[in-house]
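Trainee: I've got a model open and want to know where its labels come from. Can we go through them one by one?

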Amino acid sequence: MKISRLLIRIFLLLPLFFVLGCNDFLSTEPDSTRANIKTPEQVSQLLITAYPQGSYVTFGESMSDNVADKGRGQDDRVNRGSYLFEVVDAPVDKEDAPDMYWAQAYRAIAATNLALEIIAKADNPGSFSAQKGEALVARAYAHFMLVSFYSKFYDPATASSDPGIPYVTESEDVVVKKYERKTVAYVYEMIEKDLLEGLPLIADFSYTVPKYHFNQAAANAFASRFYLVKRNYAKVVEYANKVFPSGDIASNLRPWNTEYITLSYDAIWKRYSRASENANLLLVETNSLFGRYAPSYRYGLTNAKWSEINQVSGLTGTSAGWAYPIYTQGEENLFIPKLTEYFVKESVNAEIGMTYVMVPLFTTEEVLFNRAEANLYLNNSAASLADINLFMSKRIRNYNSATHAVTAAKIRSYYGLSNTTQNNLLGLLISIADLRRLEFSQEGMRWFDILRYGIDVEHPTAEGQVITVNSDDPRRVLQLPQAAVLSGLELNKR
């Protein structure tokens, strides 16, 4: 497939031999250049590429405490290297690899910068308001994900000295451009600047399918995540409440214990990542093998791990069961039917092609948890407890509020805490963390909480080794691709 000059400009921080996939817009207009993109509709088409189409799910999940070594199973270098906390030796075109995510995130950033450059030079830039908003928020998001994975996780005490990642705001105009990392604090300042400028400009009417773009709900959900990491809890609540201005979060939570519980695993797979599912706020198509190998990876969800994760149902004070269905593909190969693969042939008669997984980047459930945690820090524990119970009402089989309602006393009993103000708050915080772990199993999201809470991780191997990675271990920070050295970047210390 011929690659347009537009895509050539997107070779950012990478050697020139890295081949990017073409999307429908670029393949139908292979000779498009910046000069040919003149209308808001054309800029919107360009912004289809403004979202990282690499996946973090495999390496995020494999580094977390959700997985164990089965001693056998699908041998995948990303799954293996991530579990062992080694630098994953995989090229930028290897599905699910950290280097691919880096490349695809900067590719997305390059698309946003090109869009913003076109808008700035347009005769009527005001008519591009919605596109500018999407580009700014998408640029902020891609940088946020990069700094979360490839730098020390945000800590206000050290952010001003911790090395960040390049915050790129200009289009590439040379083969190899030199960049500097600056600091995590600087990256966060730039993220916030782009987010706050772009969010008010988002206009859902400008999208054919809003959930494939930063719509208003998704942009506010991103803001709630960003400010949770920054520990600005009042803003977390503010933006979380803006996701559903009517206040109706309940009907937008995933209905596991009502509608989903009646479905086959194949039907759940088909529904989970659809734009028609209320709980999904932003979806992105990723080049990934996770949908194929999630159950059979050697380092994956086991019976023992699932028992450890799902025992949090004890918060109800009963023997309540979760509505999540657990399936197996052979002994110890557990999976929850969430992220499934779809295969796109290279041509109608071809036997080869590309594997994709549609990933929910933001969901109603995350917004609910963000708000619950923020209210806890704002000394509004009643609101936090209400959100926990709202979540439970959609997840416990045969839910009955009279029996299953979570209370402060039940939380203390479950975690073995004495009745003090401090322990009541601690119990709520641990409850939220444990419920987040349960909800986002096999989605890679647990890794963010491990970083944010400073949770130590132990990974025993079948050979008897125990890999312990504490909160200060440099292996928690992904290594930059070797190709980044060409752009003047210093690799992370090991």
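Trainee: What makes α17 roughly perpendicular to α18?

Mentor: Helix α17 (residues 408-415) and helix α18 (residues 421-439) pack at about 75°, with axes 9 Å apart. Angles of 65 to 115 degrees count as roughly perpendicular, so α17 gets that label against α18. Keep in mind that this is a predicted model, where local features need pLDDT of at least 70, side-chain atom pairs count only at pLDDT 80 or more, and totals for chains, interfaces and linings use all residues. Residues are numbered from 1 along each chain as its sequence is written, and side-chain values use heavy atoms, leaving out hydrogens and water.

Trainee: Which residues in α17 and α18 meet?

Mentor: From α17 you have A408, I411, R412 and Y415, and they meet N424, G427, L428, I430, S431 and D434 of α18. Contact here means heavy atoms within 4.5 Å. By class, five of these residues are nonpolar, three polar and two charged; Gly counts as polar.

Trainee: How do you know that the radius of gyration agrees with a compact globule?

Mentor: The rule is 2.2 Å times the number of residues to the power 0.38, taken over C-alpha atoms. For 494 residues a compact globule would be near 23 Å, and the protein has 22 Å, so the value agrees.

Trainee: And what share of the residues is buried?

Mentor: Buried means under 20% relative accessible area, with a 1.4 Å probe and protein chains only, and 59% of the 494 residues are buried.

Methods:
Axes are lines fitted to C-alpha atoms, for helices over the stretch in contact, and angles run from 0 to 180 degrees between N-to-C directions. Helices (H or I, at least four residues) and strands (E, at least two) are DSSP runs, numbered from the N terminus. Angles under 35 degrees count as roughly parallel, over 145 as roughly antiparallel, 65 to 115 as roughly perpendicular and the rest as oblique. Buried means under 20% relative accessible area, exposed over 50%, partly exposed in between (1.4 Å probe, protein chains only).
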